[in-house]
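Dear colleague,

Please find the structure below, handed over for your records.

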Amino acid sequence: KASICDVPPTGMKMSSVFIGNSTCMQEVFKRVAEQFKIMFRRKAFLHWYTGEGMDEMEFTEAESNLNDLVSEYQQYQDATVGD
């Protein structure tokens with residue numbers, strides 16, 4: 001979860017936010033991909049999206065993009081400092 005608060009702490013003029021990116025995020029993406037695969041296989045809620053004009057192929061492409069993202073994170077995790 002993320003949130004934005006533009007009110008600085010008491011006594012301060014500014015506030016700041018740090019957003020980090022780590023290879024540990026691949027576990028989250030793997031879990032989402034697995035849940036997506038199960039629901040898409042059953043075509044759960046698909047009628048809501050196709051009724052609004054989306055094509056099933058868009059879901060297949062999104063699944064492929066997510067799997068590519070997980071693979072890319074895995075490559076970075078497997079890379080050594082010397083690479």
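Phe59 touches Phe36, Phe40, Leu46, Tyr49 and Met54, leaving aside residues up to four places away in sequence; contact here means heavy atoms within 4.5 Å. Please note that this is a predicted model, in which local features need pLDDT of at least 70 and side-chain atom pairs count only at pLDDT 80 or more, while totals for chains, interfaces and linings use all residues. Residues are numbered from 1 along each chain as its sequence is written, and side-chain values use heavy atoms, with hydrogens and water left out.

The aromatic residues

Phe59 is found in helix α3; helices (H or I, at least four residues) are DSSP runs, numbered from the N terminus. At 12% relative accessibility, Phe59 counts as buried, a term that means under 20% relative accessible area, with exposed meaning over 50% and partly exposed in between (1.4 Å probe, protein chains only). The C-alpha atoms of Phe59 and Tyr49 are separated by 9.8 Å, and the two residues are 10 apart along the chain.

A search of the whole structure finds 5 aromatic pairs. Rings of Phe, Tyr and Trp (its six-membered ring) pair if their centres lie within 6.5 Å, and planes under 30 degrees apart count as stacked, over 60 as edge-to-face and the rest as tilted. The ring centres of Phe36 and Phe59 are 6.4 Å apart and the ring planes are at 20 degrees, so this pair is stacked. Because Phe36 lies in helix α1 (residues 25-41) and Phe59 in helix α3 (residues 56-78), the pair ties together parts that are 23 residues apart in sequence. Phe36 is partly exposed, with a relative accessible area of 23%. Phe36, Phe40, Tyr49 and Phe59 form one aromatic cluster.

Packing of the two helices

α1 and α3 pack at an angle of about 155 degrees, with their axes 10 Å apart. Axes are lines fitted to C-alpha atoms, for helices over the stretch in contact, and angles run from 0 to 180 degrees between N-to-C directions. That makes α1 roughly antiparallel to α3, the description used for angles over 145 degrees. Among the residues of α1 that meet α3 are Phe29, Val32, Ala33, Phe36 and Phe40, and the α3 side includes Phe59, Leu66, Leu69, Val70 and Tyr73.

The loop between α1 and α2

Lys43 lies in the loop between α1 and α2 (46-51). Which ring does Lys43 lie over? Lys43 lies over the face of Phe40, at 5.6 Å from the ring centre; a charge sits over a ring if NZ of Lys or CZ of Arg is within 6 Å of the ring centre and within 35 degrees of the ring normal. Lys43 is partly exposed, with a relative accessible area of 44%.

Most residues other than glycine have a negative phi. Lys43, although not a glycine, has a positive phi of about 60 degrees. Phe45 lies in the loop between α1 and α2 and has a positive phi of about 65 degrees, although it is not a glycine.

Other positions

Gly53 has its place in the loop between α2 and α3 and is exposed, with a relative accessible area of 62%. Met14 is found in the segment before α1 and counts as exposed at 70% relative accessibility. Leaving aside residues up to four places away in sequence, Met14 touches Pro8 and Pro9.

Yours sincerely

Key:
Angles under 35 degrees count as roughly parallel, over 145 as roughly antiparallel, 65 to 115 as roughly perpendicular and the rest as oblique.
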